Amino acid sequence: MEWSRDGSAKKLLQEIREEDFQLSWDRLQEQLPQCGFGILGICCRNCSMGPCRIDPFGENAQVGVCGADADTITARNFLRMVAAGVSAHSDHGRAVAETLIKVARGEAPGYEIKDEYKLLKLALEFGLEVEGKKIEDIALQVGINALHEFGNQEGEITLVKRAPLKRQNIWRKLGVVPRGVDREVVEALHRTHMGTDQNYLHIMRQATRCALSDGWAGSMLATELQDILFGTPTPIVGKVNLGVLKEDQVNIIVHGHEPLLSEMIVMAARDPEMLKMAKEKGARGINIAGICCTANEVLMRHGIPLAGNFLNQELAITTGAVEVMVVDVQCVMQSLPTIASCFHTRIITTSEKAKISGATHMEFSEENALKKAKEIIKMAIERFPLRKKSQVRIPAGEVDLVAGFTHETITYMLGGMFRASYKPLNDNIIGGRIRGVAGVVGCNNPKVTHDESHLIMVKELLKQDVLVLQTGCAAIACAKEGLLDPVKGLEYCGDGLREVCEAVGIPPVLHLGACVDNSRILVAATAMVKEGGLGDDISELPAAGAAPEWMSEKAISIGQYFVASGVFTVFGVTWPTLGSKNLSRYLFEEIEEEMGGKWAFEPDPLKAAHLMIEHINKKRKALGIDKARERVLFDMEMRRGLE
Amino acid sequence: MSKIIASAAIRGAHKIVDMAEKKWKEAVDKFGINQEVHFPETAYYLPIIYGILGEKIEKLSDMEKVFSLCRKFLPAPVHEKVHLPYLGPTLDAGMVTLFAEEMMEAVKYLEEPDFYFPEEEPPEGKLWLGAANDIILRKRGIEFVDGTAPGFAAIAGAAPDATTAMKIAQELQEKNLYVFMCAQHAGKRFAEQLVEGGMQIGWPVRLVPFGPEIYEAVFALGFAVRAAMSFGGIEPGDFRRILIYNKDRIFAFVLALGYVSEEWYANAAGAINFGFPTIADTPIPQILPTGVCTYEHVVSNIPHDRIVAKAVEVRGLKVTVSKVPIPVPYGPAFEGERVRKEDLYLEAGGTRTLSCEWTTTLPLNQVEDGKVEVIGSDLDELPEGTQTPLAIVVEVAGREMQEEFEPILERQIHDYINYINGAMHIGQREIVWIRISKKAKEKGLRLKHLGMVIHAKYHEVFGNILDKVQVKLYTDEQKVKEILEKARIVWKARDERLAGMTDEEVDTFYSCTLCQSFAPSHVCIVTPERTGLCGAYSWLDCRASNRINPEGPNQPVKKGAIIDSRLGQWEGCNEFVNKASRGALERVSIYSLMVDPMTTCGCCECIAVVLPLCNGIMTVNREYKGDTPCGMKFTTLAGTIGGGKQNPGFLGHSKFNITQKKFIASEGGIKRLVWMPKMLKEEIWERLVKRCEEIGMPDLPNMIADETVGVTEEEILTFLQEKKHPALEMEPLI
């Protein structure tokens, strides 16, 4: 198997072949064969009577010491993955809420409220009085209310009200509307404790409720509050590839997930004093580039170039041109300091939640963020002269892309200021130029060729006139291939999709941001429902989701909240419940009756794309839009009949 | 590819804003910043800016804010290489173009006050009409409302030659569409081509020459914005609803004939905001995906012989055209056509000769369907310039036919003959005046064709009630005399029957929701003693219309239990109004202007308003342009109360209604009337005198003030006191 499909990564891998770096692919080899019980999800080490494992062939033990069967064990493991994923996204959201409060109190120099309109909108959703109030006071109250969404013990999280009414009622009927994020995570851990919840269907209810608290609270709040603080993204041109690193500039890579510090680094890097300092050290400038979702955050709002996605993080250091790599939380490999030690590169951890042995820790808080950002840049500048020219091997070639799509920019770009709406999107779906919409998101996983599954899947979808929405590492993968270029991307499209993209001036793959911004997809899907003509619920939309190269627990949480929101969702690589026929049958089939959405597992990305297309076709048929639409000509009577 | 269009439109918008701003600055230097600016006779200021932004432009200084908005909204040029989404920005550029053009045109009215001729038709030596005033808007608006004009074509540029231009214009006329013309191509203009070909142009024939440049496209869109505000009842500044209203209800499109410049693209982008697509005769790029418009946005390279049909299809418009077997074009667009003396071939009536028209019912076996007889000489047997007696007798038969439908059928003859290209018809009964042009005669039009038209249209429109129609046209004077004698007896009986009908003697009123295509929450209730406020529909008309089309806009309204006889409120009416207005209205009084008055779509003939100081009520007709004692001109009033809103103290009504017994009966009836324009008083004088005699106040007509007495309450109050107007003694109105 080829390690990577990414051209610049391949070039670099070729060059460093002789050197003794240990990369994720090497480490995977050393792990093989991986534990079969673990892969199937039937290993339980939740108590010290274990570890227990269930014989998947039905010959030996079918229950653990406590009596838990394969269904319970896989369901508990699944729920714990969900809970961990929810925690990651939600802690991210909580951090932004805390920042907002500090900004409102004037305790966070450098930060400001950039999108007042969105703040007011959210305030109204929280039922707050805004008339005649100062913007700081509103921000403070919104921040406090946002925090309540995490700690709330009873009732419902506020933003479920954004979902289509039909969807809300489904959730209420099943009793899966989350009460508060933290409460659902705690209950998930409680239920999966030895000897508690031991009915797999009942465990899955909590998986649903917990996951919904990510999609419709933790992640959604992270997105909303970040837009308020840093501005709602608008379409912006960017560049991607390891080639964005500059030989003659100080290169700083921001990696991880939260934009709280990286925003400040971007700001500080434009400081004339910093630029002067860099010049004094012989650099032509300060180049910030991103990896993983931090990259997406600063790309969406500032056009900061993308160095790459998850599996590019180690490779970026091996270019020898990175002065510092600033990391915060999630998806940061512990191997980074080891690889950095071969170069002049410093790995800087910044979050109070995450330290890495061998890295320099420079903890940041809102109060000192700008100061810390400058310190980090200074450190990078200081390190620039230490760079060994002989070690520098930046693979040439940058690829253009357009990013910055959000619910707000979609409505604007489809109708301008005066006719903003989703109407043209719905209309062209109904008319058949666009077959449907797919969210292709998620990670990289060294078990499959880096980026390849994303590309195979997305290209097939485009060919079949499916508009693709992306976030996270998936978006970066497609960006590297040029699919986010509004001209080059069209080469892969079917005629209908191409026509619409040309009319609007968009690439066929819309980059919606970081992985917390999957909430933007929920908002967009809801807006499509509300626009009309495509049913009354997200589950009726000709739409599907996928994470063909997933690896993190966050992906499971995202997948579960998509399924619970009515979306057919296909995962690749591997699947964590295969050790239980019952649970797998529930997730792949029975859950659809309850939720309208369901899971599928298909490691072949082309086959997975076809599953999505089949699903979209099925939904088109149910909506009665599978046949060519006749042109309706309006006479006066029909005009009188209009509402 | 759309990128070309987007790039060009955005560049065009920049140019137009630059130019408009320059002209504005020059005007400020010349006239001073406080100089007043306006379009002629309108309550809608610069209508697009007013409708979309909610900004009133009254002075040059008001434009400053809009120009800075234009600058803010003007998008950056489209990137050559990696472009950002351009559809939204292009639409914004289009809208900004329209704002800039409106201001530029307002400056033009200032700089060259005589450039446009602000009436319905251009006089000799002039061509361009500029912005339609509100009187034209309302008069023509009715045609849009009731469907006689399903939409408009905004033509930019020119056809390759006059013949093609005339063909296109005529085809649009035959589809009943209005044609709004502007801009030039290769030194030629479409309107000039029509004049060159000898066509009559102007509002009456639906061929409207707005202006010589592309910038005057703004008048077409301004017309559309005003329609949304005045008939749709949409508040200024509610831009989204105004634009959607246009997309859903005003079936307009742009025909781009000739080279499409950047400025044209910018205007086309403006039009797309309204859901109006562009159809071009040149091979410009197309935008086929749907969404902002109902169907395609730009369709190009369409040959001239197919361009009208294509445009109608792209706009999603269903045009129902009557097929009549005559050798000249036919349709409502020809209604306003004149036949001048010098074009005249034949003339009948009009005090020159004896003439009449009469529809009567015969037993089925006495009518031979489709038989048209000319008794006497037909057109080709008479020399040019003949003045001939003429009696048109239409004999109908049908199992569903009733005598009371006769006047309704008879009244249609006026329209049906007028729709003939080359024929002019004025009046009815024995005051008809018919003219036929030389050109029509050359094309083969004969008197028998008038009969054939009536036969065809009667079957088309009244097919549900009649089975057979035959027409006799007499040109022999003696015969005409004989017919007149018979008809006069019938007419007299009809008038008496109609005049005698009361609301009390019927248990069913009729609704009229014809206007809901334009004014979705407006509902008329038509009773025997309250004709429709547009003046076009009496209770009998509505009843007949309901018989003819039971599912149509005239529905029976069972009065039900009476709630208040003074106000004229019935349970059945209230229920109906509530349902038909989709919940917007709860109650309606048929006889009151103070309590739950009936709404108006905006095309009422008159508006009555309370004058508190005088303890009376005034009314003003649409044609009267001047000030009134209530402080508002007709157009402002119509703008305020139109669009299906209930406004106590204001009431739309027909001219005829003034002399009906139940006119504002709840407030005391005609005794309350203290002011009306002189022209209105003169128009209804006879009936007014009669009505006042009936109530025992023969002097009342002379007690009613008009503009010669005054146009403020104070001015007329003295007059009323002098005359001892009864209103002053009546119970207080408020």
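## Domains of chain B

Domain bounds, as used here, come from an automatic or database domain assignment. In this predicted model, the assignment for chain B gives domain 1 (2-315), domain 2 (338-496) and domain 3 (508-729). The centres of domain 1 of chain B and domain 2 of chain B, taken over C-alpha atoms, are separated by 41 Å.

## Strand pairing in chain B

An open sheet of chain B is formed by 6 strands in the order β3-β2-β1-β4-β5-β6, and the pairing is parallel. At the edges stand β3 (207-209) and β6 (298-299) of chain B, each with a single partner strand, so one side of each is left without a neighbour in the sheet. Within this order, strand β1 (residues 151-157) of chain B is joined to strand β4 (residues 251-257) of chain B by 7 bridges, the two running parallel, and B:Gly151 stands opposite B:Phe251 in β4(B).

Strand β7 (residues 344-349) of chain B has partners in both senses: 5 bridges join β7(B) to strand β13 (residues 433-437) of chain B in an antiparallel arrangement, while 2 bridges pair β7(B) with strand β10 (residues 386-387) of chain B in the parallel sense.

## Overall form of chain A

Chain A contains 25 helices and 16 strands. Its radius of gyration is 24 Å, close to the 26 Å that the globule rule gives for 643 residues, so chain A is as compact as a globular protein of that length. Taken along the principal axes, the C-alpha atoms of chain A fill a box of roughly 75 × 75 × 50 Å.

Buried residues make up 61% of the 643 residues in chain A. Among the contacts in chain A with a separation of 6 or more, 75% are accounted for by residues 24 or more positions apart.

Helix α4 (residues 70-104) of chain A has 35 residues and reaches 50 Å from its first C-alpha to its last, which is close to the 51 Å expected at 1.5 Å a residue. Because 31 of the 35 residues of α4(A) are buried, the helix is largely enclosed by the rest of the structure. Just after α4(A), A:Gly106 takes a positive phi of about 75°.

A:Leu455 has its place in helix α18 (residues 452-463) of chain A. With 21 other C-beta atoms within 10 Å, A:Leu455 counts as buried, because the cut-off for that class is 20 or more. Not counting residues up to four places away in sequence, A:Leu455 touches A:Arg5, A:Ala477, A:Cys478 and A:Glu481. A separation of 9.6 Å lies between the C-alpha atoms of A:Leu455 and A:Leu606, which are 151 residues apart along the chain.

## Contact between chains A and B

Across the interface, 37 residues of chain A are in contact with 44 residues of chain B. On the side of chain A that touches chain B, at least two residues each are supplied by β10 (399-403), α16 (407-419), α17 (423-431), α20 (495-504) and α25 (636-640) of chain A. The most is given by α16(A), with 8 residues. The residues of this side of chain A divide into 19 nonpolar, 5 polar and 13 charged.

Methods:
Residues are numbered from 1 along each chain as its sequence is written. Chains are lettered from A and ligands numbered from 1 in the order in which they are written. This is a predicted model: local features need pLDDT of at least 70, side-chain atom pairs count only at pLDDT 80 or more; totals for chains, interfaces and linings use all residues. Helices (H or I, at least four residues) and strands (E, at least two) are DSSP runs, numbered from the N terminus. A residue is buried if 20 or more other C-beta atoms lie within 10 Å of its own, exposed if 12 or fewer, and partly exposed in between; C-beta atoms are placed from the backbone. Two residues are in contact if their C-beta atoms, placed from the backbone, lie within 7 Å. The expected span of a helix is 1.5 Å times one less than its number of residues. Ala, Val, Leu, Ile, Met, Phe, Trp, Tyr, Cys and Pro count as nonpolar, Asp, Glu, Lys and Arg as charged, and the others, Gly among them, as polar. Two strands pair if DSSP finds at least two bridges between them. The radius of gyration is taken over C-alpha atoms; the globule rule is 2.2 Å times the number of residues to the power 0.38.
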